[in-house]
Amino acid sequence: MPKVAILKSSGEYRELVPRLLELADAHGIVRDGESVLIKPNLHAPQHYTTGGTVNPALVGALIDWARAQGAAEVLVADSPYHSHPNPEEVFTATGMAEVVEARGAKWTVLRRHPYRTFHDTSAHLPADLRISEAVFSHDRIINVAVAKTHLDAMVTLGMKNLKGCISDRDKRVLHQDFDISRAVLALSRLIHPDLTIVDGTLGMEGIGPAMGTVAHLGAIFAGRDIRAVDAVAAQAMGCGIDDVLKLKRARAEGLLEVESIETVGEPLEGVTRRFERPYEAMARQLPDVKLEIATACSACKLNLIRALCEEVAAGVSVPDRCIAAGKGRVKDPDALLVGTCTRDDSGRPYLPGCPPRIEGIKQFLSGYS
Ligand code: SF4
């Protein structure tokens, strides 16, 4: 029976983490002399107060906990989104590097390490998937995510956080050619964290995983079963299992038995707060914008939506005609075409790029506003 610990959290992690992990039966996971890899979600150089990345203080408390359990070596490791030009910045700009170094521990960018290639593991993953060797060269993995909504996957929790362990090429391919929810579920069959923590002290709602608004859930979740932790955290965010494809598929494939999950600590009902869904936030923030983006991968979607939100927030007018991105034929005969996939011989205005950059999108749209 998978157990998931729930505690209310105001961000005082030093005392909270040992209590949380005791409740989660984590004692004994790390043994004397073992090496531990902590994988926080640092997808971009966003400060934790945005709800976009893991609070360094939580990782600091986990380093202390792992050492108190007997860990001889602790490495904090992640890799940001695939086209980020300076991946070390996610450690320095977020304050993570400072917290890790102050404890004499080490941090690293996973893309700087060699990869181990997995061949033909799943129809939902690239045929030759490359996962950072660092993930397999440590005795224990502690997976640390933030409770966030996600434009494509509804929520981004423990399973989605594993995507930071794969190569940049594979991240790009996943977003372009695969269903991200099915892909991260398949990935969770290849990478096995010993402990998963989802922090909702500050989460993100609306247009996550990067452009949403802070959601004060005020709770933190931990357990040894990654899918059970995700299921409980998603429910605390007001999502049913069927609302989240990766959880729905996990249940269908026999990887998640929601009814058998034992929650300990705070009752789930006491920490539940409905997060605004990405498409609800888009309707609110961009009420007059007509989009045809269902087949676009998240890189195109996020850049386009970000460009539009920033222009609207700045009082800049945006086109009142349809804006399209993604694969397949664009239906609207008057649409503005954004991204290389939309190129055709219709003569409609077209912006190349895969994905086009935010500033380029703004400039393109300004010609038709
Ligand atoms: S143009 Fe956009 S939708 Fe097409 S592959 Fe590139 S990022 Fe994806």
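1. Start with helix α6, residues 168-177. Its buried residues are D170, K171, L174 and H175. They span an arc of only 135 degrees around the axis, which puts them on the same side of α6. Residues three or four places apart in an α-helix point the same way, because there are 3.6 residues a turn. The cover over the buried residues of α6 includes β6 (128-132), α7 (180-187) and α11 (298-313). Note that this is a predicted model.

2. Next, the domains. The chain splits into domain 1 (3-271) and domain 2 (286-366). Their centres, taken over C-alpha atoms, are 31 Å apart. Eight residues from domain 1 and eight residues from domain 2 make the contact. On the domain 1 side, five of the touching residues are nonpolar, two are polar and one is charged.

3. Now the cores. The largest nonpolar core holds 92 residues. Those with the most contacts inside this core are I38, V59, L62, F221, A222, V232 and A233. Helix α8 (residues 226-236) gives the largest share, eight residues. Take A233: leaving aside neighbours within four places in sequence, A233 is in contact with A147, L157, V198, G200 and F221. A second, separate core has 29 residues, among them A210, A281, A307 and L365. In soluble globular proteins, nonpolar side chains tend to be buried together.

4. Last, the ligand. The residues around the ligand are Q176, A296, C297, A299, C300, A325, G326, G339, T340, C341, C354 and P355. By class, this shell has eight nonpolar and four polar residues, and no charged ones.

Definitions and conventions: Residues numbered from 1 in each chain as written. Predicted model: local features only at pLDDT ≥ 70, side-chain atom pairs only at ≥ 80, totals over all residues. Near = placed C-beta within 6 Å. Nonpolar A, V, L, I, M, F, W, Y, C, P; charged D, E, K, R; others polar. Buried ≥ 20, exposed ≤ 12 C-beta atoms within 10 Å, placed from the backbone. Helix = DSSP H or I, 4+ residues; strand = E, 2+ residues; numbered from the N terminus. Arc of directions from axis to C-beta. Contact = placed C-beta atoms within 7 Å. Domains from an automatic or database assignment. Core = buried A, V, L, I, M, F, W, Y, C linked by C-beta atoms within 7 Å.
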